[in-house]
Amino acid sequence: MTKRKSILYMILIFMCVTLMGCSQEERKNVDMGVERDNELFVHFQKKYPENAVIKCGYEDVTNDGAKDLVVIYNIEKGKNGMKVVVGGDEYSISNEVPAPAEDQIIKFKNIDDKDEIEFIVSGSKHGNVGYAIFRFQQMEIINLFGQDMEDCC
Ligand SMILES: [Ca+2]
Ligand SMILES: [Ca+2]
């Protein structure tokens, strides 16, 4: 009876550990906004190994049919940046713009219903919330409109 019980405990512990491991892994993937084996993601990490990636958005921001990757990453403590990794036959990386320090969200919406899809980035810093609307044109991230971005970046 004790042996059976201890085996049962071991199975229970094993199941708990496995389940916890799974859910943590899933949460990580959801948080990042892209699969970790995404080629554009891997390309960015290889090129900038010193910049830890915080959040990504995977969408065709150049309007050429190939998906691109919007990446928010850490530059130094309390300071984040954003770049676009342009997909297609050859990958290239855009200019850098400031990104929110915490709670980053990247959303895609074609706000003027034409040409490139726009992306809306929001976030906060010490409870100060801000957001900005960007468009990607001529290999540059263009800030179309911002609200309190300086307070959250
Ligand atoms: Ca594209
Ligand atoms: Ca547009």
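Trainee: What share of the contacts with a separation of 6 or more comes from residues 24 or more positions apart?
Mentor: In this protein, such residues account for 34% of those contacts. Keep in mind that this is a predicted model.

Trainee: Noted. How many helices and strands are there?
Mentor: The protein has three helices and nine strands. Going from the N terminus, the order is α-α-β-β-β-β-β-β-β-β-β-α.

Trainee: And what percentage of the residues is buried?
Mentor: Of the 153 residues in the protein, 27% are buried.

Trainee: Which residues touch the most other members in the largest nonpolar core?
Mentor: That core has 29 residues, and the ones touching the most other members are L69, V70, V71, M82, V84, V85 and V121. Elements giving two or more residues to this core include α2 (39-47), β1 (53-59), β7 (118-125) and α3 (149-152).

Trainee: Which element gives the most?
Mentor: That's β2, with five residues in this core.

Trainee: Let's zoom in on V84. What does V84 touch, leaving out residues up to four places away in sequence?
Mentor: V84 touches V61, D68, L69, V70, S94, F136 and I141.

Trainee: Switching to α2, which of its residues are buried?
Mentor: L40, F41 and F44 are the buried residues of α2. Looking down the helix axis, the buried residues of α2 sit within an arc of 105°, so they line one face of the helix.

Trainee: Why would residues three or four places apart point the same way?
Mentor: Because an α-helix has 3.6 residues a turn.

Trainee: And what do the buried residues of α2 pack against?
Mentor: They pack against β1, β2 and β3.

Note on methods: Residues numbered from 1 in each chain as written. Chains lettered and ligands numbered in written order. Predicted model: local features only at pLDDT ≥ 70, side-chain atom pairs only at ≥ 80, totals over all residues. Core = buried A, V, L, I, M, F, W, Y, C linked by C-beta atoms within 7 Å. Buried ≥ 20, exposed ≤ 12 C-beta atoms within 10 Å, placed from the backbone. Helix = DSSP H or I, 4+ residues; strand = E, 2+ residues; numbered from the N terminus. Contact = placed C-beta atoms within 7 Å. Arc of directions from axis to C-beta.
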